[in-house]
Amino acid sequence: MIAVVLQSRLDSTRLPRKALLDLEGKPVVQRVMDALLGIPADHYVLACDEGSVDTFRPLALESGFSCIPGSHDNVLERYCRVIQETGSSIVVRATGDNPYVCIPAATYALSRFKDLLLSNTPADYLTLTNMPYGSGVEIFSADKLVDAAMNTDSPYDREHVGPALYRHQDRYTCVFEDSRGCWGDPSVRLTIDTYDDYERARSIAARLVTQGYSFPAPPQAVLEAWAWVEKPILLCPAPYPGSGHLRRMEALAYDLHHTRRILVWIAKPEDRKRWSESLGSLLIDSLPVKAGLVVLDPFRSSLRDVERFRSIGPVVSIDDGGEGKAKVDYLIEILPSLRRGTLVNDVNPSLLALPRNRRSVIAQDIRTCLVCAGGDNAASLALPASHWLSRAGYSVTVIDPALSNTSQNPDQARQSPMSIPPVANLKENLANYDLVVTHYGCTAFEAVAAGCTVLLFSPTHYHYMLAKKAGFAVLSPLQSRMLSFPFLFQPRLSCFVRRALESRLSDIDLSSGTTLGSEIERLWHARQLSCPLCAHSGNERPIHRDRHRTIVRCSRCSLLYTSFIASLPPKYGRDYFFDEYKNQYGRTYLEDFDSIKRAGYARLDRIESCVARSLPHLEATEKKLLDIGCAWGPFLQAALDRHWIPCGTDISCDAVSYVQQTLGIQAVCASFPALDSSKIPVAPPFASCTLWYVIEHFEDVESVLHTVRNLLIPGGILAFSTPSARGISARKDRHSFLSQSPLDHYTIWDPSSVHAQLARHGFTVMRTVSTGHHPERFPLCSAIKRHGVVWKFLEQISRLFSLGDTFEVYAVRNGRIEDLG
């Protein structure tokens, strides 16, 4: 029989009586009980201490649970009492401070436990790892739990129950199965341990109710509600100069506020009055402690601004003209800029919210004109420009920010030039005019999309250069200032209008593509990463940007790494080794098996040469080798041929199955370094650990090296291969090299710095080998004959100067045999 046992108490140190706190109309503990009824079981029991039974029993009975009290401090004894009174053989353990326990995961864990009981390797304990904190359960064999209670005198074991088994794995079989993110990420915190946790749980519950969910809610709905609460999008628009930045953020807030929690921060209270009243509830008075994404739409950001916002969350900046843009996580350029040496992640004018109302044909006979100089009437050019056009006989409307909003609108009868106040949603009115005169900015591009003829003036030389680069007809700053003297400048008007009619924007794609809202939603899912090797997370200056990521060089350890990634990690299944591998190399992994195996023999020669120096007396029974990320096992088979005792680990169960069943070599399907060393088929320590084109796939190399060091015998060899940051491809065109680097490569290693990097982690590099030589990648050599005279000469040059696009590292684990203790 199966018993679901919920333990709870009232005297929590950090949050007393938390089990009784209200969660949308019911105490927290009842919310947990309501959820646990979804687990198929014979008994549902609330196990509390003797002092709280009078409080808990009515709640338990109301929820369909029995209430069995026990010891206050010895929680393990409570479970033994439940087992004794119910006669259960399997126990599911849950706690009263986890109202969002994941029932599908618990049901799967129970089913998995029962399957193992029928197998040759029954489990005494099972839990799923990498679950959201506060969403999991533990499964016990009742007999083994009673046995553990009799064999432990540890207060820790008695209080926390589970450790009574998994801290004694010499006596009990414990299974920690990776949930592989099926039910959320371990960074998600759903438990209630502190008052902040309770406030979070209340906010999640309120969001679930708002979305129409009842309790217990589906796991995905809980995760979405958690994201709403914990990962808001913070919008920081610049109210000046002009109104373009503000209006763009208003449109973005409107698009996103139904699906994401939006916070809008405008520094000065008087500037907040310019924000739309209909979205006023989104305004906040002070910056939050954290956010899922910070979106800046500044005129010019400072380094200080960016440092402050990066302490809150990943920072995306839009059309940023300040020095701070060099340090943001992701930089979007919607309005094309001069980009003098600045790296940009995405240049995408189609992200403009373009007008739906468009002219069918561009007017060749100009009659009506609109003059707009932005929300602050840049350089006071609007009125002079309107008088200049009016003198030529055009019907002119000029937008004057100084006028009140009660003035007439642009569709009313008017005299020329007629001044009107700022127009809401101006872009939809642009098609009413033949000619739009403005400065470089959103309105200029919106007018082009609306089918208007566009003429720009220039408040500054910078505006002039931007307009020229984009291909607009534009007045220089001097010509713009001369608008105040129309009697001098009037004769040239027809020339400028003709130029505007003939102008065409160059290389600017305004076709409808993705929206800014969908782009920010994509970036909200992105991840901000610290250095995988040393965990440093300083505000580094990027060396590469593209649409999917930002790459920086760590100022502490010099490693190149991805600091911001906007793509999801790949699934390393059969498709990865067949379709994706074939797309990159022209054949599948298994078709390449023999050539990889031959390379393995050469690698083993180098490993054995190092072992002969570091472990001269190594016995044959000690020649154990662990290949991390073994894939389909070509290197393992080469090692077996060389009389090593090989073992592999990989996260692809298809690959591990092939290694075990086809090659007959021991392997385990598990993620590294989370792998439990006791589950490795070949018992450590190892004489060598290898990672062939694997180390760059880890987001936490520091943990990988720490685990490898613990698995190696002192004097053992760490060997890995990886792309080189000093190869011919990287030297010839670093931007192209980094752009083509796979998105799941989080680090890019440099042979010149790998010695110092590994030394920090207890390894001494014995040898590096430049590999992956490609003479055809030398400048101007793409068409040279393969294996011809020039090809062979360049290959020798590449080998002589270590210009291979990949390299191998062979390092010895420092220490003494006695250190293994």
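Biologist: Which element gives the most to the lining of the largest cavity?

Modeller: Helix 4, a DSSP run of H or I with at least four residues, gives the most, with three residues. The model is predicted, so local features need pLDDT of at least 70 and side-chain atom pairs 80 or more, while totals for chains, interfaces and linings use all residues. Residues are numbered from 1 along each chain as its sequence is written, and side-chain values use heavy atoms, without hydrogens and water.

Biologist: What makes Cys653 and Cys669 a disulfide?

Modeller: Their sulfur atoms are 2.4 Å apart, and a disulfide is a pair of cysteine sulfur atoms within 2.5 Å, so Cys653 and Cys669 qualify. A search of the whole structure finds one disulfide.

Biologist: Why is the disulfide of Cys653 and Cys669 called left-handed?

Modeller: The torsion about its S-S bond is about -80 degrees, so the disulfide is left-handed.

Biologist: What parts does the pair tie together?

Modeller: Cys653 lies in helix 22 (residues 653-661) and Cys669 in strand 29 (residues 667-669), so the parts tied together are 16 residues apart in sequence. A strand is a DSSP run of E with at least two residues.

Biologist: Why is Cys669 called partly exposed?

Modeller: Its relative accessible area is 23%. Buried means under 20% and exposed over 50%, with partly exposed in between (1.4 Å probe, protein chains only), so Cys669 is partly exposed. Cys653, with 44%, is also partly exposed.
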